[in-house]
Amino acid sequence: MADGKPRVALAESWRAPLATEFEQPYMTVLRAYLVAEKAAGKRIYPAGSQWFRALDLTPLDAVRVVILGQDPYHGPGQAHGLCFSVPPGVRPPPSLGNIFKELKADLGIEPPRHGCLESWARQGVLLLNSVLTVEMGKAAAHKERGWERFTDAVIRLVAAKSDPVVFLLWGSYAQKKAAFVSSVAAGGHHLVLKAAHPSPLSAHNGFLGCRHFSQANAFLERHGRAPIDWTLPPVG
């Protein structure tokens, strides 16, 4: 969906199982809402071509790790379709800065000079926001307009995979959204790791020191899956 029109140019592994979602009445309502917002002169982030960027970069059959965000950054130039990530040349927001701090403490990875997480996505880390659009300067402006139902369907597809997947759920919002995922602790085959959100308001309440990155890789390797190279290469 771009400029209010469907854009389902997704990897086949997503496109086929999600096809019926794009035909549901709630998507028609969401599409009409976004068209009206644009017609009213509202600035919507990210660009329409990047609304499904997380799915474009990480096909369903390649997903090894899921990181859930809430909605896109609402500042100019920040959002580009991947949760917590910003394009090259844009200063990493505070939450992302804390993610880099935890990477350094956990795996000794030095913080990069940028905040673009595309290399993670291309390795199988699904960087999914619950809501895929936002109005400029208004956090959560598109909350409960339909995107949550669509991203719930995405998470269910991942949870139904036979291959073991790691779910990194940071903050109560992400934990509630993926509460239905059957974890190893509950007799399932996915690893569900929970911690506080990396926001400066909560990072010291359990995110910093959680060691989720090393735990994720250890789990993947135990199950014969390649680990994630969490090092972010230079860009631009």
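Reply: What follows describes the sheet, then the core, then the cysteines. This is a predicted model, in which local features need pLDDT of at least 70 and side-chain atom pairs count only at pLDDT 80 or more, while totals for chains, interfaces and linings use all residues. Residues are numbered from 1 along each chain as its sequence is written, and side-chain values use heavy atoms, with hydrogens and water left out.

Four strands form an open sheet in the order β3-β2-β5-β6, and their pairing is parallel. Helices (H or I, at least four residues) and strands (E, at least two) are DSSP runs, numbered from the N terminus; two strands pair if DSSP finds at least two bridges between them. At the edges lie β3 (125–129) and β6 (191–195), each of which pairs on one side only. From one strand to the next, the twist averages 20°. Axes here are lines fitted to C-alpha atoms, for helices over the stretch in contact, and angles run from 0 to 180 degrees between N-to-C directions. Five bridges join β2 (residues 65–69) to β3 in the parallel sense. In this pair, V66 stands opposite L126 in β3.

Helix α6 (residues 147–159) packs on the sheet, where it touches β2, β3 and β5 (166–170). Contact means heavy atoms within 4.5 Å. The direction of α6 makes about 155° with that of β3.

The largest nonpolar core has 71 residues, and those with the most contacts inside it are W14, I67, W120, L126, W147, F150 and W230. Helix α6 gives the most to this core, with seven residues. Such a core is a set of buried Ala, Val, Leu, Ile, Met, Phe, Trp, Tyr and Cys residues joined through side-chain atoms within 4.5 Å. Buried means under 20% relative accessible area, exposed over 50%, and partly exposed in between (1.4 Å probe, protein chains only). Leaving aside residues up to four places away in sequence, W120 touches several residues, among them I67, V125, L127 and W230.

The structure holds zero disulfides, a disulfide being a pair of cysteine sulfur atoms within 2.5 Å. C116 is in none, and the nearest cysteine sulfur, that of C83, is 13 Å away. C116 is buried, with a relative accessible area of 5%. C210 is also counted as buried, at 12% relative accessibility. The sulfur of C210 is too far for a bond, because the closest cysteine sulfur, in C83, is 14 Å away.
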